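Please read these notes with the model open beside you. They go point by point.

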Amino acid sequence: MRLHISSLTGLSASSVAAAVQEVSLDGLETYVPLLSMSQNLAKLAQRIDFNQSSDSDEDGPERESREPWGKPEPEEDEGTVKFQPSLWPWDSVRNNLRSALTEMCVLHDVLSVLKDKKYMALDPVSQDPALTKTPQVFQLISKKKSLATAAQLLLKGAEKLTKSLAENQEQRRQRDFNSELLRLRSQWKLRKVGHKILGDLSYRSAGSLFPHHGTFEVIKNTDIDLDKKVPDDYCPLNVQIPSDLEGSAYIKVSIQKQSADIGDLGTVSLFRRQPKAKPGSQMWHLKLEAAQNVLLCKEIFAQLSREAVQIKSQIPHIVVKNQIISQPFPGLQLSISLCHSTGEKKSQRASPDKSKPDDHLYVLEHNLHQLIREVHTMPHPASSPFGHKRLRLAGPMAYDKAEISSLQQSEGLLEKIIKQAKHIFLRSRTARTIDSLASRIEDPQIQAHWSNINSVYESSVKVLITSQGYEQICKSIQLQLNIGVEQIRVVHRDGRVITLSHQEQELQDFLLSQMSQHQVHAVQQLAKVMGWHVLSFSNHVGLGPIESIGNASAITVASPSGEHAISVRNGPESGCKVLVQFPRNQAKELPKSDAVQDARWTHLRGPYREVHCGRMEGRNFVYKMELLMAALSPCP
Amino acid sequence: MEAPPVTVMPVTGGTINMMEYLLQGSVLDQSLESLLHRLRGLCDNMEPESFADHELVYLLKGQQGNPFMLRGRRSLLHPTAPWHLRYLGQPEVGDKSRHALVRNCVDVAASHSLPEFLNEMGFRMDHEFVAKGQVFRKGAMKVVVSKLLRVLATGNTENTEPLSLSYLVELSVLAPAGQDTVSEDMRSFAEQLKPLVHLEKIDPKRLM
């Protein structure tokens with residue numbers, strides 16, 4: 001117990017100045033009575049606080065309870081200690097000392113009992129050995145635990161990273177597959193059946209009725225090793241096409257003629273597009289396109305062979321395995337064959353070069369495409385069943401059998417191809433005939449002007465026969481040839497229409513006869529220009545040797561003075577014969593006659609003399625004639 | 001001269017025993033474009049064909065039983081095309097698992113004197129309407145998207161008003177009797193149109 005007696009220091013010799021209690025009205029001060037010595041001491045003793053110690057807290061409630069020991073004051077508020085001036089000032093001191101004595105006595109008693117060791121013993125409290133052990137082990141273990149948790153966290157993180165990396169790679173492969181699938185879907189028809197993805201590469205949606213299913217399957221390409229380097233043409237998507245559409249196919253059309261006039265028209269391959277590897281087009285695209293091409297060729301060939309067997313023609317068509325042989329013209333052979341090469345096995349035949357009918361190639365292909373597709377017509381009204389419009393009309397319009405069959409008859413594919421082949425052949429042979437004549441014969445020149453725009457079954461050419469240098473004068477022979485499928489129709493300038501058959505000889509003979517006629521016509525025109533008079537002109541003379549080709553033509557012209565006359569006879573075979581008639585007085589022997597006495601009769605024309613045209617100067621016949629005419633008309 | 005032989009057996013083949021497999025649905029006007037777009041992609045590759053037809057429904061009331069119904073339809077866009085006369089039988093109550101409504105169907109093309117002829121036979125016109133829309137085809141399946149219009153004055157097809165704000169979608173196939181694979185194909189096609197239009201078999205008896 002520490003006594004706070006610091007306040008006691010002010011005890012000694014403190015002459016506290018008396019405090020003024022009251023100042024009366026007359027200025028008299030009333031002092032507070034000074035405390036006596038004992039009063040002062042009592043006051044200071046009150047200030048001693050025995051409980052201002054470390055255990056003052058627990059004595060607090062004791063102090064409070066001790067207060068009622070003294071004079072019991074009517075304390076209304078519990079818990080607060082009020083300063084009670086009526087209490088004996090040393091009361092609290094006495095109480096504190098008494099309690100201290102009590103406690104000392106207790107302690108003395110306890111120690112005396114303990115000394116006996118009979119009823120109470122002192123034992124040291126058992127210390128926790130771990131607490132007293134060296135703290136380093138504890139540190140080690142705690143460090144180990146924390147490291148273990150940290151390591152576990154790191155391992156978990158690493159595991160997550162590796163898993164996500166693996167997933168990423170897998171996803172990239174998956175994503176590639178999906179993006180490829182999207183590209184595939186944008187160009188081909190796909191549908192999902194169960195687990196499989198199937199596609200349709202047939203032409204059914206375009207109207208084809210070919211019974212092939214044309215289904216291909218899309219499979220994921222999983223035989224790729226991620227460790228090795230991914231090849232450049234790797235595609236995560238693969239397509240499996242039906243086995244009979246593998247490889248590539250094309251249709252080979254060839255026209256052959258054994259005889260020497262036109263020879264082989266050559267062979268042409270249709271639908272044989274080499275797949276141009278566009279950058280970015282995948283392997284599946286090429287595969288599918290090739291398979292579709294094979295399907296198209298098969299369909300075309302199937303239809304052609306069906307028609308070849310069904311239709312009746314003069315020369316029956318032969319269908320042998322993969323080839324259809326027909327003869328449009330006698331001696332001309334048209335063969336259509338389907339060439340299907342599977343895989344890498346190269347065809348033994350060397351592929352022939354594309355021959356002349358190149359420009360017909362695309363037209364034929366286009367025609368085939370059009371012919372294969374049936375053009376659907378929708379029924380009107382809309383509730384009617386599908387079917388051909390004409391047949392729907394047959395009932396209400398009461399068509400009879402002949403009308404229905406005439407409506408239904410449409411040309412088959414093969415017939416159209418044969419017609420086209422015939423026309424091509426006829427046209428090329430006509431061109432060849434004209435060209436050979438033009439190169440062989442120089443004197444009247446042949447000019448052929450082919451029209452640029454032709455139809456599939458008809459072409460036309462304009463043939464002009466002229467003499468060089470005299471084109472303006474001698475243009476009477478102009479022929480328009482319309483080449484059809486089997487015939488050639490010739491329209492002459494003078495209005496005649498002649499139909500020639502497909503025989504080449506006919507055309508040649510006709511052109512030759514026209515050329516000979518031209519010579520005579522040219523003389524006629526020349527005579528007009530030169531001033532000579534035409535005495536007679538005949539396109540077809542009945543005199544002289546008989547021509548085997550056509551007829552000879554002849555003309556007789558007389559000079560302006562009348563003294564000379566030129567007779568020309570030109571035939572396609574016999575050539576030209578020119579005779580000049582001289583006046584009598586120029587003849588070598590003069591027949592003396594008694595009847596004719598007058599000298600003026602000697603000016604009449606008399607004998608004929610032949611002209612050797614071959615020895616005359618002049619590059620062509622008309623020029624020679626002009627020279628002759630000029631020579632025979634004397635200068636005035 | 002003897003009479004030509006007349007066959008006594010009833011006609012069974014040809015187009016007499018054709019069955020119509022039908023699925024129906026409807027779309028609102030604002031969803032029409034997307035449906036047409038989808039149909040253009042799914043159906044055969046042709047230009048979509050518009051049609052405008054005027055249909056008259058004739059009834060022959062006998063003394064007993066149900067009246068006999070015939071439908072005559074003509075095209076307003078192609079006036080010279082023949083009329084189309086159609087008889088539709090009762091829907092076949094087969095197994096419930098069949099996905100499409102199946103009924104006997106007889107289609108006949110008729111000349112332009114059909115209404116007078118039917119009147120002479122005793123049929124009376126029950127009602128008429130105009131249908132306008134588009135028709136698609138996929139192989140043998142026909143998809144008809146049509147708006148039904150009511151004819152305000154009998155016989156006058158110029159004055160029409162729409163019956164509803166939606167379009168009727170019908171998927172139909174004409175096939176000889178007994179081919180049940182047809183309904184499978186129709187169902188799978190209807191599946192492809194699923195979120196845009198729900199095609200299902202609607203029994204006409206339930207509607208009455």
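1. Contact here means heavy atoms within 4.5 Å.

2. Some ground rules. This is a predicted model, where local features need pLDDT of at least 70, side-chain atom pairs count only at pLDDT 80 or more, and totals for chains, interfaces and linings use all residues. Residues are numbered from 1 along each chain as its sequence is written, chains are lettered from A and ligands numbered from 1 in the order in which they are written, and side-chain values use heavy atoms, with hydrogens and water left out.

3. Now the layout of chain B. It has four helices and nine strands. Along the sequence the order is β-α-β-β-β-β-α-β-β-β-β-α-α. Both kinds of element are DSSP runs, numbered from the N terminus: helices are H or I with at least four residues, strands are E with at least two.

4. Next, the surface of chain B. Of the 208 residues in chain B, 40% are buried. Buried means under 20% relative accessible area, exposed means over 50%, and partly exposed lies in between (1.4 Å probe, protein chains only).

5. Look at the largest nonpolar core. It holds 43 residues. A nonpolar core is a set of buried Ala, Val, Leu, Ile, Met, Phe, Trp, Tyr and Cys residues joined through side-chain atoms within 4.5 Å. Among the residues with the most contacts inside it are A:L184, A:F216 and A:L288. Elements giving two or more residues include α5 (135–187), β5 (215–220) and α10 (413–440) of chain A. The top contributor is α6(A), with eleven residues.

6. Zoom in on A:F216. Leaving out residues up to four places away in sequence, A:F216 touches A:W188, A:L201, A:V239 and A:L288, among others.

7. There is also a second, separate core. It has 28 residues, including B:L23, B:L36, B:V143 and B:V169. In soluble globular proteins, nonpolar side chains tend to be buried together.

8. Finally, check two backbone angles. A:K117 has a positive phi, near 60°, though it is not glycine. A:K117 sits in the loop between α3 (91–116) and α4 (129–132) of chain A. A:K117 is exposed, at 67% relative accessible area. A:K321 also has a positive phi, near 50°. A:K321 lies in the loop between β9 (318–320) and β10 (323–326) of chain A. A:K321 is exposed, at 78%.
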